[in-house]
Amino acid sequence: MAAQAPAVAITGISGNLGRALAKLLHGHERIVGIDRRPFPGRPKDLDVHQVDIRKRAAEELFRKGQIKALIHMGIMHDPRMSAEEHHQFNVLGTAKALEYCARHGVEKLVVLSSANVYGPHPTNTNFLTEDAPLMAAARFGEIRDLVEVDILAQSFIWKHPEVETVILRPVHVVGPTIRNAASHYLRLRRPWTLMGFDPMVQLIHMEDVCRAMALALTPGARGVYNVVGPGEVPLSAALAELERRPTPIPHLVARPLLDRLFKLRLSDFPPGELDYIQYLCTIDGSRFVKELGWKPAHSLRATIRSVDPSGLNLV
Amino acid sequence: MPAMRAKRRPGVGGLVQDGLRDLTFWLGGAEIESRLRAVARRANEYGVDPFGMDLDYTLAAIGPLLWMYKHYFRVQTYGLEKVPQGRVLLVSNHSGQIPIDGAMIGLSMLTEADPPRPVRSMVERWVPTLPYVSTFMARCGQVVGTPQNCIKLLENDEAILVFPEGTRGISKLFVQRYQLAPFGQGFMRLALETGSPVVPVAVIGAEEQAPALVDVKPLARLLKMPAFPITPTLLPLPLPVRYHIHFGEPMRFTGRHDDDDTELTRKVAEVRAVIQSMVNEGLRSRKHVFF
């Protein structure tokens, strides 16, 4: 082991975004994957360890593995899982990951947060910058653990200046295999919209997010960066591009209705998500562009269309 | 290179939009149509700029307003050529119970200035909570009035319209007409921070469009409105007054935007004094309220 090149560790590698990142970095960096889920179809030369980040076995990997950098994206969001389970895995898992970095001489840490932590709000400025307060949990309690993860990483920047830490806050990640709220929503044939509301939305292709994480590994890069994809588009235009047939619902009834449907398990969208299709939560990504030369590879149209696995949308 | 056009909205909405846009062009005449079509577009392939302004939508939306501009208020403009190219803050008096003055200033810049310029103005922070209104405002280029939005627009060399009197100005009673209410300081900070010239604007006529005799304050509080004016027509329906819009010489200020308030207050007072004298001058030269 001692002769090996220092490795890049990736938590959450078995998820769809993690696999895309592994594919991007594989061959350029030695990868140490960490995930409690199995990695089906793993390439033989890809080093993946099926362990929970909170367990001692995970720390062993840091102790022995000569890890120079960690990309921490092992964050789960499942609206059906309890808030306690979310906090246990996401917040505690992140705290542990940060601890390992500080203790075992990891030089670089990239934490994948999300622009959703700012929270949609009617008084939001059109382009929130990195210093905007993280208000998402004020109206959408289920997202509190994600805010907590971001704040843990922020305080790590100050406590451990020796670890070069980057926090990335990308806009809604979409892609053929992505299974998050935004992608699920855009895949609905008859998605709800809120009558009379048509906020601008920002999307980023999953491959572009992976490229952004790779870019964050650049030596010298540190701090918090908003990551914007190919631009802004009205929600209605994105739905029209996908040939969806939206069902407008008056906003006053939508929330109680969705609350009821969610509790009856007839919908997988918690009512707090409605704010994202009512108000602005768009961000200013100019810092990442200016300081690290960020440029997304996928066009706006290609990014929107990527939610449909190729061809299936023609059916 | 042909400009990329947004896909036409389907159904009735699309038909209405096309009809209203044709109304705009018909009212404006052939010359304006060619000029408006040439307005610099910052739009992406979906026809909107990053703030959500859709020029095609705007051209449709202004149809009925342009009719009012031409045939109801018969707006006359003076000194439009003084508005410099590039970033600029238009600072105007505010009056008339319903904010038509902003739309009229915007139309004068869009249809009479050469080259035509879309004016961005700042809406109140509760506007995004209103269904339809929020979307309408955003597509017409109106953004929520946060300092960051203003700075970003000015840095993009846009023209921004501000009413430093705010609702104090628009809800003035008839006896207080043409006396400027106190000015807020926000616009001066923006001008200093972005190095934007300030163009003073005086609107004459709007004060008489809906004379408010009394302001029923308890009712206003109850309805959470800034004022509840009682006008001779009961509702503040605008009378067919003639609008005169005077544009003044650009004023350039230097200094720190985070200076103490006394220094800012002095600069703001300077702008206010210029607008007040333009208002007084405009009133003197006006022959008749309605003609």
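Gln97(B) counts as buried, because its relative accessibility is 13%, below the 20% limit. In this predicted model, Gln97(B) has a phi near 65°, a positive value in a residue other than glycine. Gln97(B) is placed in the loop between strand 2 (88-92) and helix 3 of chain B.

**Backbone geometry in chain B**

- Most residues other than glycine have a negative phi, and most peptide bonds are trans.
- Tyr132(B), also not a glycine, has a positive phi of about 65°.
- Tyr132(B) is found in the loop between strand 3 and helix 4 (133-139) of chain B, and with a relative accessible area of 53% it is exposed.
- The peptide bond that joins Asp114(B) and Pro115(B) is cis, with omega at about 0°.
- Pro115(B) lies in the loop between helix 3 (100-111) and strand 3 (119-123) of chain B.

**Overall fold of chain B**

- The secondary structure of chain B consists of 9 helices and 9 strands.
- A compact globule of 291 residues would have a radius of gyration near 19 Å, and the 19 Å of chain B agrees with this.
- Along the principal axes, the C-alpha atoms of chain B fill a box of roughly 50 × 45 × 40 Å.
- Of the 291 residues in chain B, 51% are buried.
- Among contacts in chain B between residues at least 6 apart in sequence, 77% join residues at least 24 apart.
- Chain B has an accessible surface of about 13,800 Å², and 61% of this belongs to carbon and sulfur atoms.

**Nonpolar cores and surface patch**

- The largest nonpolar core has 77 residues, and those with the most contacts inside it are Ile10(A), Leu17(A), Ile71(A), Leu168(A) and Met213(A).
- Leaving aside residues up to four places away in sequence, Leu168(A) touches several residues, including Val110(A), Leu112(A), Met213(A), Tyr225(A), Val227(A) and Phe288(A).
- Another core, of 35 residues, lies apart from this one; among its members are Leu66(B), Ala159(B), Val199(B) and Ile245(B).
- Leu219(B) is found in helix 8 (residues 217-222) of chain B and counts as partly exposed, at 33% relative accessibility.

**Salt bridges**

- Side chains of opposite charge can pair when their charged atoms come close.
- Over all chains, the count comes to 34 salt bridges.
- In chain A, Asp259(A) forms a salt bridge with Lys263(A), with the closest N and O atoms 3.2 Å apart.
- Because Asp259(A) and Lys263(A) are 4 residues apart in helix 8 (residues 251-263) of chain A, about one helical turn separates them.
- Asp259(A) counts as partly exposed at 28% relative accessibility, whereas Lys263(A) counts as exposed at 62%.
- In chain B, Arg21(B) and Asp18(B) meet in a salt bridge (3.8 Å, N to O), and both residues are buried.
- Arg21(B) and Asp18(B) are 3 residues apart in helix 1 (residues 11-37) of chain B, so they are separated by about one helical turn.
- A further salt bridge joins the side chains of Arg189(B) and Asp261(B) (3.3 Å, N to O).
- Arg189(B) lies in helix 7 (residues 186-194) and Asp261(B) in helix 9 (residues 261-285) of chain B, so this pair ties together parts that are 72 residues apart in sequence.
- Arg189(B) is partly exposed, with a relative accessible area of 29%, and Asp261(B) counts as partly exposed at 44% relative accessibility.
- Glu263(B), Arg266(B), Lys267(B) and Glu270(B) are joined into one network by salt bridges that share partners.

Technical notes:
Residues numbered from 1 in each chain as written. Chains lettered and ligands numbered in written order. Predicted model: local features only at pLDDT ≥ 70, side-chain atom pairs only at ≥ 80, totals over all residues. Heavy atoms only, no water. Helix = DSSP H or I, 4+ residues; strand = E, 2+ residues; numbered from the N terminus. Buried < 20%, exposed > 50% of the residue type's maximum accessible area, 1.4 Å probe, protein only. Rg over C-alpha atoms; globule rule 2.2 N^0.38 Å. Contact = heavy atoms within 4.5 Å. Areas by Shrake-Rupley, 256 points an atom, 1.4 Å probe, with all protein chains shown as cover. Core = buried A, V, L, I, M, F, W, Y, C linked by side-chain atoms within 4.5 Å. Salt bridge = Lys/Arg side-chain N within 4 Å of Asp/Glu carboxyl O.
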